[in-house]
Amino acid sequence: MLRHYENIMIITPILSDDQAKKTAKEYENYLIQKNGKIVHQEHWGLKKLAYPIQKKQSGCYHLFEFLLSSNLVSDLELKLRQDERILRFITVKLNKYGIEYAERRRNKLLKKDQEL
């Protein structure tokens, strides 16, 4: 059974913005290969970190919202831990309130983009 998850990863700032997006694309392809479904993703770009991680003061943030079988999440997290380009990540299983909030946030972003 597919469960709803959200993952935020911080990609090392050494990479250019295009390389960071390429890294995120690799993980998108990995999720699809594992029969997951990407619900939504956002590339937040380079942001200053609250505290240094591996002597880096900033990082490139990327959010994934996806559906995946619960036994495959540990494989994804292992892959993220082994990747030197990923400074930090967090994966959260969304309950019905989290899913509802994510939908509202997406709709808000869509309205904002349509206004531009």
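This is a predicted model: local features need pLDDT of at least 70, side-chain atom pairs count only at pLDDT 80 or more; totals for chains, interfaces and linings use all residues.
A residue is taken as buried when its relative accessible area is under 20% and as exposed when that area is over 50%, with partly exposed residues in between.

The face of helix H3 turned away from its buried side carries Lys96, Tyr97, Arg104, Lys108, Lys111, Gln114 and Glu115, which are exposed. The buried residues of H3 are Gly98, Ala102, Arg105 and Arg106. Viewed along the helix axis, these buried positions fall within an arc of 100°, and they therefore line one face of H3. Their packing partners are strand S1 (2-11), strand S2 (37-53) and strand S3 (56-69). The length of H3 agrees with expectation: its 20 residues (96-115), at 1.5 Å a residue, should span 28 Å, and the end C-alpha atoms are 29 Å apart. At the start of the helix, the backbone nitrogen of tyrosine 97 has a side-chain oxygen of asparagine 95 within 3.1 Å.

Nine salt bridges were found in a search of the whole structure. In one of them, arginine 105 pairs with glutamate 42, with 3.2 Å between the closest N and O atoms. This pair joins distant parts of the chain, since arginine 105 belongs to helix H3 and glutamate 42 to strand S2, 63 residues apart. Both arginine 105 and glutamate 42 are buried. The two residues are also linked with Glu6 in a network of salt bridges.

Other salt bridges lie within a single helix. In H2, arginine 81 and glutamate 77 are four residues apart, about one turn of the helix, and their side chains form a salt bridge at an N to O distance of 3.9 Å. Arginine 81 is exposed, at 56% relative accessible area, whereas glutamate 77, at 19%, is buried. In H3, glutamate 100 and arginine 104 are likewise four residues apart, about one turn of the helix, and form a salt bridge whose closest N and O atoms are 3.7 Å apart. Glutamate 100 is partly exposed, with a relative accessibility of 44%, while Arg104 is among the exposed residues of H3.

Methods: Residues are numbered from 1 along each chain as its sequence is written. Side-chain values use heavy atoms; hydrogens and water are left out. Helices (H or I, at least four residues) and strands (E, at least two) are DSSP runs, numbered from the N terminus. The expected span of a helix is 1.5 Å times one less than its number of residues. Buried means under 20% relative accessible area, exposed over 50%, partly exposed in between (1.4 Å probe, protein chains only). The arc is that of the directions from the helix axis to the C-beta atoms. Contact means heavy atoms within 4.5 Å. A polar contact is a pair of N or O atoms within 3.5 Å; within protein, one must be able to donate a hydrogen and the other to accept it, and residues adjacent in sequence count only if both atoms are side-chain atoms. A salt bridge is a side-chain nitrogen of Lys or Arg within 4 Å of a carboxyl oxygen of Asp or Glu.
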